Amino acid sequence: MGFDPWDAAFVADPYPAYRELREQGRAMWWEATGQWLVPHYADVSALLRDRRLGRTYLHRFSHEEFGRQAPPPEHEPFHVLNGNGLLDLEDPAHARVRRLVAKAFTPRTVKRLVPAVRRLAGELVGRLRADGGGDLLTVVAEPLPVAVIAELLGVPEADRGLLRPWSADICGMFELRPDEETARRAVRASVEFSAYLRGLITERRSRPGEDLISGLIAAHDEEGRLSEQEMISTCVLLLNAGHEATVNTTVNGWWALFRNPAQLAALRESHDPEKLSTAVDELMRYDTPLQMFERWVLDDIRIGDTVIPRGGEVALLFGSANRDPARFEGPDALDLVRADNPHLTFGAGIHYCLGAPLARRELEASFGALLADGVPPLRLVEEPRWRDGYVIRGLEELLVEF
Ligand code: HEM
């Protein structure tokens, strides 16, 4: 089976196809999307840090100069929203905005949140237990990161149900070759989400709080360090990035644990926070929730014997890099005590995941609450199915019982 992100069997297990790709070479032209596939760890790691590549090219070239077509005007609300968020800015704008938000996500700031995150994880697991089981995704995996990031930004509890559907519609655009219906939904969600945040910003301006939105408003109003659009876009990015991958890591991780019962049993018995933390990192490596990130080639690069000129696009295969035997011993085995594990799941370089410390603490809290003393072993009810979608890869649901 080859590399085919539209094939359900590939999405369920892309790893054999990645192995074939790594054996074929270092950069392979892929006709289906007009990109270069990059499957090796060393190349993915180096290219993420290479300033000759960018998440956008618009800070240096127009669409025409870069040899690309501008998106249709009716898609503009999505592109304006997406293009002004931290992740799609390049320096110097990126450094300016990242400095403003970074303080809220340092390991030290995040450490202060841990007791509240643990408490919430305990409550959610309590709910699952009270029902004797259920869908781990909707009862535990999703509400935890949504509540945490909404709380950090200051989104009122009553509005939190809006976030997941908007995020899902916007994230549809990050899959390969999104169709017109996907684009329409993303545009609608972009318009609604932006209007919602504009309202929240107006309200918070009159009654500032301790939350991140109030902090960003101050940076915009008092110091002019952030445009209104950058503020809205970065809030949407934080709310979406702040839960999508964490939800999938939780359920994909549990599915991996169920397939490795001896290691699951050993982890349950260890009661050691260090071991839990090591195990969470291994689950992130073993089944990477974000399988691919793209970069534009801003100045000619060479990968092995292949020269990729300005205007090209590379698809960095994180899932493959994390299973590269040149970097990881026995890469296709889950090893919850793996000591040497420099996985690329959180990226590298200037866009390295801002939320990595928070994501790690949330995952430790939710896995920890389900593995805690006194909680009966979790059992799988039926084999889960994978959702459509390859870039953001996750299960439809994960039915469990105690
Ligand atoms: C397991 C969970 C998570 C994974 C696997 C993950 C992964 C990633 C990756 C790979 C990138 C870089 C993308 C690129 O280079 O193109 C990134 C960026 C980012 N992530 Fe995460 N993330 C997770 C959780 C979070 C959380 C909880 C937050 C909450 C704040 C967050 C916020 C961000 C932001 C703001 C960026 C953009 C950083 C920048 O451009 O400077 N992420 N994430």
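Predicted model: local features only at pLDDT ≥ 70, side-chain atom pairs only at ≥ 80, totals over all residues.

User: How many bridges pair E9 with strand E10?

Analyst: There are 2 bridges between E9 and E10 (residues 399–401), in the antiparallel sense. To see a pairing residue by residue, look for bridge partners: Leu380 has Val400 of E10 as its partner.

User: Now to strand E2. Which way do its residues point?

Analyst: First the general idea: along a regular strand, side chains alternate between the two faces of the sheet. Now the case here: in E2 (residues 35–38), Gln35 and Leu37 point one way, while Trp36 and Val38 point the other way. All four are buried, that is, under 20% relative accessible area.

User: Which strands does E2 pair with, and do they run parallel or antiparallel?

Analyst: Strand E1 (residues 28–30) is joined to E2 by 3 bridges, and the two run antiparallel. Strand E8 (residues 313–317) is also joined to E2 by 3 bridges, but that pair runs parallel.

User: What lies between the strands in the hairpin of E1 and E2?

Analyst: There are 4 residues between the strands, and in this hairpin Gly34 takes a positive phi near 65°.

User: Next, the ligand. Which residues come nearest to it?

Analyst: Of the 28 residues around the ligand, the nearest are Arg55, His94, Arg295, His351 and Cys353. By class, the shell has 17 nonpolar, 8 polar and 3 charged residues. Helix H5 (93–102), helix H12 (228–241), helix H13 (244–258) and strand E5 (292–297) each supply at least two of the shell's residues.

User: Which ligand atom does a polar side-chain atom of His351 lie 2.6 Å from?

Analyst: An oxygen atom of the ligand. The backbone takes part too: a polar backbone atom of Ile350 is 3.5 Å from a ligand oxygen atom, and a backbone N or O atom of Ala241 lies 3.4 Å from a ligand nitrogen atom.

Note on methods:
Residues numbered from 1 in each chain as written. Heavy atoms only, no water. Buried < 20%, exposed > 50% of the residue type's maximum accessible area, 1.4 Å probe, protein only. Pairing = 2+ DSSP bridges. Near = heavy atom within 4 Å. Polar contact = N/O pair within 3.5 Å; in protein donor to acceptor, adjacent residues only side chain to side chain. Nonpolar A, V, L, I, M, F, W, Y, C, P; charged D, E, K, R; others polar.
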